[in-house]
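I opened my notebook to look up a sheet and its pockets. Here is the structure I worked from.

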Amino acid sequence: MMAPMSLAELDAGDGVTLRRVRPEDAQEIYAEIDRSRKRLREWMPWVDGTTATGDVLEFVERALEQESDGNGFHCTIQFEGRLAGLVGLVYVNQKSRKAEIGYWIGQSFEGRGIMTRAVRTLTGYLFSEMGMHRVEIQAGEDNHRSCAVAKRLGFVPEGIKREAEWVNDRFVNLAVYSMLERDWSD
């Protein structure tokens, strides 16, 4: 039997904490998106449509609804008490025991290992607490930083989904990575 989908807070180590997203986070999330807009826009199709705190609040409300439907959850990534980004389950298939992780981080937090710690912690939670069998990450093929997170954690590259996502002004190939429960050692 699978554990409940949500979590309150997970310590990822070295000042990184994952905390379930809340409506009161909307303003801080929007501010980080706005500070990192140019960088995020390159890979995230939702950036141009996120023009006010209200847009983020709508996302948070959808995320909480998704959680109550048993189809995922989202967490803020806190680094030394500051919001650094988000990580979460963008898709869950409980019957097949598989989930897909999605994430973004603010530009000023890149290159510190924060996202690697966050994804490692969430992946471990999915296997140990939720009983998942398979976890996937999909990232823009040329989004080297995002792909590096998956590779660093030992996710296996499975292939490229050609022109699989429209990101603002172009189609982007998505690299697909997976981790199976039996291969997870962290």
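In which sense do strand 5 and strand 6 pair? I found that strand 5 (residues 98-105) and strand 6 (residues 134-140) pair in the parallel sense over four bridges. Strands here are DSSP runs of E, at least two residues, and helices are runs of H or I, at least four residues, numbered from the N terminus. Two strands pair if DSSP finds at least two bridges between them.

I noted that this is a predicted model, where local features need pLDDT of at least 70, side-chain atom pairs count only at pLDDT 80 or more, and totals for chains, interfaces and linings use all residues. Residues are numbered from 1 along each chain as its sequence is written, and side-chain values use heavy atoms, leaving out hydrogens and water.

Eight strands form an open, mixed sheet in the order 1-2-3-4-5-6-8-7. Strand 1 (9-13) and strand 7 (156-167) are at the edges with a single partner strand each, so one side of each has no neighbour in the sheet.

Then I turned to the largest pocket. A pocket is an open set of points on a 1 Å grid over the protein atoms alone, where a 1.4 Å probe fits, with protein on both sides within 12 Å along at least five of seven lines; lining residues have an atom within 4 Å of a point. Of the 32 lining residues, the closest to the centre of the largest pocket are Met44, Pro45, Trp46, Val90 and Trp104. Helix 1, helix 3 (53-68), strand 4, strand 5, strand 6 and strand 8 each give two or more residues to this lining.

Last, I checked the second largest pocket. Helix 5 supplies the largest share of its lining, four residues.
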